[in-house]
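Try each one with the structure in view, then read the worked solution below it.

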Amino acid sequence: MSVNDKLYTLLLFVQVLNVLAMFIVAYYVLRHWSNRTHGYLFASAVAIIINNTGYLFEMLGKDSNSALLGTQFSYLGKPFIALTMFLFTADLCKFKINSAWKKVLYIGAVLITVLVLSCRYQDLYYSSVTFTNSGFFPHNVYGHGIAYYRYMISLVGYQVMAIVLIVRRYRKVRASKEKRQLVGTALMSLVVMVGLGIFFTGV
């Protein structure tokens, strides 16, 4: 077995563990569901499960069509991860978002999903799809359209707003337990921002 094959097997194993771990998280949140904040956290866990399962399918794809189907499956959840995590953070920070704005945000996430599912017929999200056998496993290489970059910018916006809300709330609270929750949530947002920074800078 070559080094690439070993790394591919390891990546598959890690991805399967990731999906299983998120099932456990979702089950735990469901068992302890008592308020709206838990609802957003559960929705985020389900979205992550769908996204990671789609990526697993993409890794197992042997041609462009099967890899694309994996990507499209992942986008049934991907656009909702950042959204539900932001709503979770806003709720945790006692920041009210009116229902009209929530509908707009959900419609935006649904629109991203529709654009990916219909990417064969328009180039707003993916401008091109090319299959390659290079790297650890065969996969599609995607060209990016204007909707893709707007989606990336929205992800940055979610994280920046989340950090602002967390800092504002942290200054107001006195309970150490709530402060720990806020710090943990802030760290998650910072990790996402670092990942986005790496993507945009190409580091």
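**Exercise 1.** Find Lys94 and decide: is Lys94 buried or exposed?

*Solution.* This is a predicted model, and every value here is computed from it.
- Step 1: Locate the residue. Lys94 is in the loop between α4 and α5 (99-117).
- Step 2: Apply the cut-off. A residue counts as exposed when its relative accessible area is over 50%. Lys94 has 58%, so Lys94 is exposed.
- Step 3: Look at the backbone. The phi of Lys94 is near 60 degrees, a positive value in a residue other than glycine. For context, most residues other than glycine have a negative phi.

**Exercise 2.** Search the whole structure for salt bridges: how many are there, and which side chains meet?

*Solution.* 
- Step 1: Count. The search turns up 1 salt bridge.
- Step 2: Name the partners. The side chain of Asp91 meets that of Arg36, at 2.9 Å from N to O.
- Step 3: Asp91 belongs to helix α4 (residues 78-92) and Arg36 to helix α2 (residues 36-60), so the pair ties together parts that are 55 residues apart in sequence.
- Step 4: Check accessibility. Buried means under 20% relative accessible area, and Asp91, at 14%, therefore counts as buried.

**Exercise 3.** Stay with helix α2 and look at Tyr40: which residues is Tyr40 in contact with, leaving aside its neighbours within four places in sequence?

*Solution.* 
- Step 1: Find the residue. Tyr40 sits in helix α2 and is buried, with a relative accessible area of 11%.
- Step 2: List the contacts. Beyond those sequence neighbours, Tyr40 is in contact with Thr84, Leu87, Phe88, Asp91, Lys102 and Tyr106. Asp91, one of these, is also the salt-bridge partner of Arg36.
- Step 3: From C-alpha to C-alpha, Tyr40 and Leu76 are 16 Å apart in space, and they are 36 residues apart in sequence.

**Exercise 4.** Work out how α4 and α5 are arranged: at what angle do they pack?

*Solution.* 
- Step 1: Read the geometry. The angle is about 160 degrees, and the axes are 9 Å apart.
- Step 2: Classify. Angles over 145 degrees count as roughly antiparallel, so α4 and α5 are roughly antiparallel to each other.
- Step 3: α4 passes α5 in a right-handed crossing.
- Step 4: Name the residues in contact. From α4 come Pro79, Phe80, Leu83 and Leu87, and from α5 come Lys102, Leu105, Tyr106, Ala109, Val110, Ile112 and Thr113.
- Step 5: Sort them by class. This contact has 9 nonpolar, 1 polar and 1 charged residues.
- Step 6: Zoom in on Thr113. This α5 residue is buried, with a relative accessible area of 8%. Setting aside neighbours within four places in sequence, Thr113 is in contact with Tyr75, Leu76, Pro79 and Phe80.

**Exercise 5.** Now pair α4 with helix α6 (residues 146-172): are they roughly parallel or antiparallel?

*Solution.* 
- Step 1: Read the geometry. The two axes come within 9 Å and cross at roughly 15 degrees.
- Step 2: Classify. Angles under 35 degrees count as roughly parallel, so that is the arrangement of α4 and α6.
- Step 3: α4 passes α6 in a left-handed crossing.
- Step 4: Sort the residues in contact. They divide into 13 nonpolar, 2 polar and 2 charged.
- Step 5: Zoom in on Phe86. This residue of helix α4 has 7% relative accessibility and counts as buried. Not counting residues up to four places away in sequence, Phe86 touches Ile97, Tyr158, Met161, Ala162 and Leu165.

**Exercise 6.** Finish with α2 and helix α3 (residues 64-74): at roughly what angle do their axes cross?

*Solution.* 
- Step 1: Read the geometry. The axes cross at roughly 175 degrees and come within 7 Å.
- Step 2: Classify. With the cut-off of 145 degrees for roughly antiparallel, α2 and α3 are therefore roughly antiparallel.
- Step 3: Sort the residues in contact. The α2 with α3 contact divides into 5 nonpolar, 6 polar and 1 charged.
- Step 4: Name some. Among them are Ile50, Asn51 and Glu58 in α2, and Ala67, Gly70 and Ser74 in α3.

Conventions: Residues are numbered from 1 along each chain as its sequence is written. This is a predicted model: local features need pLDDT of at least 70, side-chain atom pairs count only at pLDDT 80 or more; totals for chains, interfaces and linings use all residues. Side-chain values use heavy atoms; hydrogens and water are left out. A salt bridge is a side-chain nitrogen of Lys or Arg within 4 Å of a carboxyl oxygen of Asp or Glu. Helices (H or I, at least four residues) and strands (E, at least two) are DSSP runs, numbered from the N terminus. Buried means under 20% relative accessible area, exposed over 50%, partly exposed in between (1.4 Å probe, protein chains only). Axes are lines fitted to C-alpha atoms, for helices over the stretch in contact, and angles run from 0 to 180 degrees between N-to-C directions. Angles under 35 degrees count as roughly parallel, over 145 as roughly antiparallel, 65 to 115 as roughly perpendicular and the rest as oblique. A crossing is left-handed if the near helix is turned anticlockwise from the far one by less than a right angle, and right-handed if clockwise. Ala, Val, Leu, Ile, Met, Phe, Trp, Tyr, Cys and Pro count as nonpolar, Asp, Glu, Lys and Arg as charged, and the others, Gly among them, as polar. Contact means heavy atoms within 4.5 Å.
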